Amino acid sequence: QSEDSDKSSTESDSETEVEQVSVYHKLLATLKTSPESESEEEEDESESEEAGESETETDSEGSQETGEADGGEEDKNDVPDQKEVTDTAEQTLGQEQADGADTSCDPSHGVIEEFTDVKHESEFSLETNFMEEESGDCNADKRDSNSSQAFSEDPFKQHMDKEFEEKEVEKMSTLPKTSSQSKWPRLGQLTFSSTSEKHKTLKADKEVDVKQLYLHKPLESTWPKVNKQFLSSVNKPSDPSFTPLQRELFCIMNTYRDLFYPERNALTNGEEIRHAYCLHALNHVLKANAQVLSNNAKRRDQKPGTDNDDYRDQGLTRPKVLMIVPFRECALRIVHIFISLLEVNDKRKIDVSNKKRFKGEFGSDPEEKPPNLKRPEDYEAVFAGNIDDHFRIGVAILQKSMRLYAPFYSSDIIIASPLGVRTIIGAEGEKKRDFDFLSSIEILIIDQADIYLMQNWEHVLHLMKHINLLPLDSHGVDFSRVRMLNLNNWSKYYRQTLLFSALQDPQINSVFNKHCFNYVGQVAVRNVPLSGSISHVVVQLPHVFRRLEAENLTSVIDTRFQFFVDKVLPEYRDAIMSHTLIYVPSYFDYVRLRNYFKKEDLNFTHICEYTKKAGVCRARRFFLKGEKQFLLFTERFHFYKRYTIKGIRNLIFYELPTYSHFYSEICNMMKATDNGVDATWTCTVLYSKYDAQKLAAVVGIDRTAQMLQSTKNVHLFVTGEN
């Protein structure tokens, strides 16, 4: 901890040196592009080192290696060392903070004054600007504010102006949620839940008129143009600006309910969804800032000495929207959408500060990608562009201008990766840490949540524990302008959380159920898979699903290990059961199995996400040639690399895969084995009653119901596409 504190001193010093210039300069949005942690190096290997690799090259490279007898060791310790187990990304905590103002792209950015952009501070400050100066359509804004009916019907106003008594808030935190079901045309089965006794189920709008959505200028005119790429001729003339999916998602977002959508697909609907939540976030920020600027003008015009409490329009800190995304490429796309939504036409371009620097640090060079890499389409879609996973950037927005790399306390929107936020929040006991900027977040967007399961889920949980807490410092706020909800520490009841994932998962569900307190309620999409990924297995293969009985959720890990060692492994120890790949989703389980195999002196090799490339080549060669009977193989390695493993004759899924399509992908690797005999191929899957969601995604809901009721092993024989 002391080492981390020392390392982070650069960032802390840079944050405090210019405090006299602006009250918002305590925290700088630091960034870094060159990955230094082992984890980041390993994750980038598939693009950098693997360029010329083909299956034949793998063998030749492997044969050149002298190699250890165990087929490639990725670490020297048999015991799961704490750093190794938690995730090597943790190792970068102190390291990253030492880089302070992010000098990686341009030496001049090391200068504190230049990074904090003091010259432009007044231009972007909400406190010193007025509606007339900012908006070309100030009359329209005044007209809206004069029309009390139109203003009061605005979902933004309705949500933020709602006032509660202390007793009502106590009820919210203690009452159980009541839920109801509804079926929508595009989203399917929805679960609405709320602690409110007047809980209402929302109905899907079959048609949406952009003019009735209370979009702030200029979004009403720019959105149809920006979203045109997703629209087809099928769209109704009365609804020209939203796809059916976007319409239903935005309908929920615009009511400020929490939303969990677990069917995001990078290949099909990912960009549609990104555009929809960007529209919502930008709409919220523009309305909030317009309200502040309008009230600035009213306060300026009022008589001195008049004390008016009507101007409570701010949080305790300025950041209103936090967008969590996995890679820099995602942040790049979000900023491009924001710019497109703010530019009315080619003549009225908005002024974007630090655009060149942003493009340099968040963009990617197309020539860097090896041309001969063949990966599945979904892999290409997820890992497109700059896939550095350690970044954070503040964005300040006014209608005619956008400021990238704004210090956090001068930002409206913060775009960051879980690791990027984690390194600035710090850990308990560290001297240099800050999470005050999270105190007044009104919209939290977590996109591609499933990828954080592959990175480090602890970072997401750490963020959820530190969001919407009372700040430790005032940061120069004018308390006469702060909303009572923020002063009362009720921010979490007003925060809207939008959670998008490619799958249903207990850990993601837990965040949505335990860390979201929105008084309006929550909406979760809960469709059940009718046919599972097993239908995409193209090799003829008997699938044996072996059920293990665990007393409770906490005992599953030990029960599974014991079941595997006592019941499953003995059947595979015979030499005739060679070429056995054991697929292990959890790194903890992988380390435990690896240690057990070493202790029992079994003939095995192993590959995980931390294995060096030479070790991977050796392990694959040994396994293919049958020199090693077992191959221990982690899910995260498959997620980040997607190698085809040749030579598999027997498959054991130690646990069901997180991504259901990995099941068919791994099974279909068997067809890559030329000299295998079909009749000898086997596939064994371990599952318990706590794996219901994963099981349904693999075998379908009907089979899952039968399998969970039965105590016997289930044998399925799949022939080709079902």
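## A walk through the predicted model

L487 is found in helix 23, where helices (H or I, at least four residues) and strands (E, at least two) are DSSP runs numbered from the N terminus. At 31% relative accessibility, L487 counts as partly exposed; buried means under 20% relative accessible area, exposed over 50%, and partly exposed in between (1.4 Å probe, protein chains only).

Before going further, some ground rules. This is a predicted model, so local features need pLDDT of at least 70 and side-chain atom pairs count only at pLDDT 80 or more, while totals for chains, interfaces and linings use all residues. Residues are numbered from 1 along each chain as its sequence is written, and side-chain values use heavy atoms, with hydrogens and water left out.

**Surface patches**

Patches are made of residues with over 30% relative accessible area and no salt bridge; like charges are joined within 9 Å, and nonpolar side chains (Val, Leu, Ile, Met, Phe, Trp, Tyr) within 5 Å. The areas come from the Shrake-Rupley method with a 1.4 Å probe, and for residues only the protein chains shown count as cover.

There's a charged patch too: E163, E165, E166, E168 and E170 form a negative one. For charges, Lys and Arg count as positive and Asp and Glu as negative, with His and the chain ends not counted. The place of a charge is taken as NZ of Lys, CZ of Arg, CG of Asp or CD of Glu. Of these glutamates, take E168: it sits in helix 13 (residues 166-174) and is partly exposed at 35% relative accessibility.

Now for helix 16, which covers residues 270-301. With 32 residues at 1.5 Å each, helix 16 should span 46 Å, and its end C-alpha atoms are 47 Å apart, which agrees; the expected span is 1.5 Å times one less than the number of residues. Of those 32 residues, 27 are buried, so helix 16 is largely enclosed by the rest of the structure.

Inside helix 16, R274 and E271 are three residues apart, or about one helical turn. R274 forms a salt bridge with E271, meaning a side-chain nitrogen of Lys or Arg within 4 Å of a carboxyl oxygen of Asp or Glu. R274 is buried at 3% relative accessibility, whereas E271 is partly exposed at 23%.

A search of the whole structure turns up 26 salt bridges. Here are some of them:

| Pair | Closest N to O distance |
|---|---|
| R274 and E271 | 2.8 Å |
| E655 and R560 | 4.0 Å |

R546 is buried, with a relative accessible area of 11%, while E571 is partly exposed at 44%.

E655 pairs with R560 in a salt bridge. E655 is in the loop between strand 16 (650-653) and helix 30 (661-667), and R560 is in helix 26, so the pair links parts that are 95 residues apart in sequence. Both E655 and R560 are buried. Salt bridges that share partners also join R264, E271, R274, E329, R333 and D447 into one network.

Most residues other than glycine have a negative phi, and most peptide bonds are trans. N468 isn't a glycine, yet has a positive phi of about 60°. N468 sits in the loop between helix 22 (457-466) and helix 23 (484-487), and is buried at 4% relative accessibility. D601 also has a positive phi, about 55°, without being a glycine. D601 is in the loop between helix 27 (587-599) and strand 14 (604-607), and is exposed at 67% relative accessibility.

As for peptide bonds, the one from K217 to P218 is cis, with omega near 0°. P218 falls in the loop between strand 2 (188-194) and helix 14.

Helix 14 (residues 219-226) contains K225, which is exposed at 53% relative accessibility. K225 and N345 are 120 residues apart in sequence and 9.8 Å apart in space, C-alpha to C-alpha. L530 is in the loop between strand 11 (522-525) and strand 12 (541-547), and counts as exposed at 70% relative accessibility. L530 and R703 are 173 residues apart in sequence, with 9.4 Å between their C-alpha atoms.
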